[in-house]
Amino acid sequence: MNLLTDPWPWYIAGPAIAVVLAALLLGGKTFGMSSNMRTLCAICGAGSNTEFFNFEWKKQIWNLLVIGGALLGGLIAHFFMNGDAAVPLNPEIVSQLQATGIDSATTDYMPTEIFNSGAMSDPFVVLMLVIGGFLVGFGTRYAGGCTSGHAISGLANLQLPSLIAVIGFFAGGLLATFFILPSILSHFIN
Amino acid sequence: MPVKRPLYFLAVGVFFGITLLKSGAASWFRIYEMFHFAAFHMYGIIGSALVCGIIINQVIKRFEVKDLDGNLIHQPDKDFSIPRYLIGGTIFGLGWAIAGACPGPMFTLIGAGYWPVLLVFASALLGTWVYGVLRDKLPH
């Protein structure tokens, strides 16, 4: 296995994420990416008429640096570490996706039918991404955290609220996967 | 913040971003596969991060580890509630499965040049803002 060119296995990625968690604790902070969106709303001036965004966002600059780094990390992995190699998926998932018209599962990192700039001319795809993103932003703030803040950081600190949130993550994820995504994906059948 | 600290947080973020992209945790396909229980991969990532994280927290508590500023590392307990975490969590999960990206990987994907994710990000910002506006009217 070549860590530079090959996809990373779970037993490298999981501990690597724990290193991130430890590094942030050592920096006197906690691991949680979604609060950056609250900070960004505050920077954009949302605090002038909404109390929730009226806080000292300058104290959260450290987290914007982390998320800025995560963006930079994506760029570095993209250009120098073969980061967009096709993902070694379960073949059954690949054929299931191909049956719905998503053919890029064996060739690309992301479904090009959805995440290509060209796909943006399709109002259906735009709507899918807008609704998905909105639910992520609304839900994560409602739940007070996302995968990093609850599923990793909160559970690692044995927080019961985080367990309830993670149960919610999966309830919602399974609901969408089995009852909403099939009709969305049927849009891509040629 | 001490002079070099911004660089520290930026470096942690870079490492996180590389990990997210290289492991496939930022891939829509991997999220789709995870919710179909068709591979161990994502569970392995979250599970092993969690096991390591529990050990890290126990070590911190047992040995009273201090942070880089010399303060005792302490994480306050989260306030207890069921509706807040369950409803909020479920809404997040719906979006996670549809858009295939959570708030960390979103930034990594933008960095990797998947421009449509900018739309997901902008909508997530809007969702966060709408939550802030409606906050007092929602069950917590």
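Which residues is B:Val117 in contact with, leaving aside its neighbours within four places in sequence? In this predicted model, the partners of B:Val117 are A:Phe115 from chain A and, from chain B, B:Ala101, B:Met106, B:Leu109 and B:Ile110. B:Val117 also belongs to the largest nonpolar core, which has 104 residues. The residues with the most contacts inside this core are B:Val117, B:Met106, A:Ile17, A:Leu21 and A:Ile152. Helix H1 of chain A (residues 10–26) provides the largest share of the core, 11 residues.

The contact between the two chains takes 109 residues from chain A and 101 residues from chain B. On the side of chain A that touches chain B, at least two residues each come from H1, helix H2 (35–43), helix H3 (61–80), helix H4 (91–99), helix H6 (123–142), H7 and helix H8 (160–185). H8(A) gives the most to this side, with 19 residues. By residue class, the side of chain A that touches chain B comprises 74 nonpolar, 31 polar and 4 charged residues.

Chain B contains 6 helices and 0 strands, and its elements run α-α-α-α-α-α from the N terminus on. The C-alpha trace of chain B spans about 40 × 40 × 35 Å along its principal axes. Of the 140 residues of chain B, 56% count as buried. Among contacts in chain B with a separation of 6 or more, 44% are accounted for by residues 24 or more positions apart.

Helix H1 of chain B covers residues 5–23, and at 1.5 Å a residue its 19 residues should span 27 Å. H1(B) is mostly covered, with 14 of its 19 residues buried. Just after H1(B), B:Gly24 adopts a positive phi of about 85 degrees.

In chain A, A:Gly149 is placed in helix H7 (residues 147–156). A:Gly149 counts as buried because it has 25 C-beta neighbours inside 10 Å, where the cut-off for a buried residue is 20 or more. Not counting residues up to four places away in sequence, A:Gly149 touches A:Phe31, A:Gly32, A:Ser34 and A:Gly154. Between A:Gly149 and A:Ile114, the separation is 35 residues in sequence and 27 Å in space, C-alpha to C-alpha.

Terms used:
Residues numbered from 1 in each chain as written. Chains lettered and ligands numbered in written order. Predicted model: local features only at pLDDT ≥ 70, side-chain atom pairs only at ≥ 80, totals over all residues. Helix = DSSP H or I, 4+ residues; strand = E, 2+ residues; numbered from the N terminus. Expected span 1.5 Å × (residues − 1). Buried ≥ 20, exposed ≤ 12 C-beta atoms within 10 Å, placed from the backbone. Contact = placed C-beta atoms within 7 Å. Core = buried A, V, L, I, M, F, W, Y, C linked by C-beta atoms within 7 Å. Nonpolar A, V, L, I, M, F, W, Y, C, P; charged D, E, K, R; others polar.
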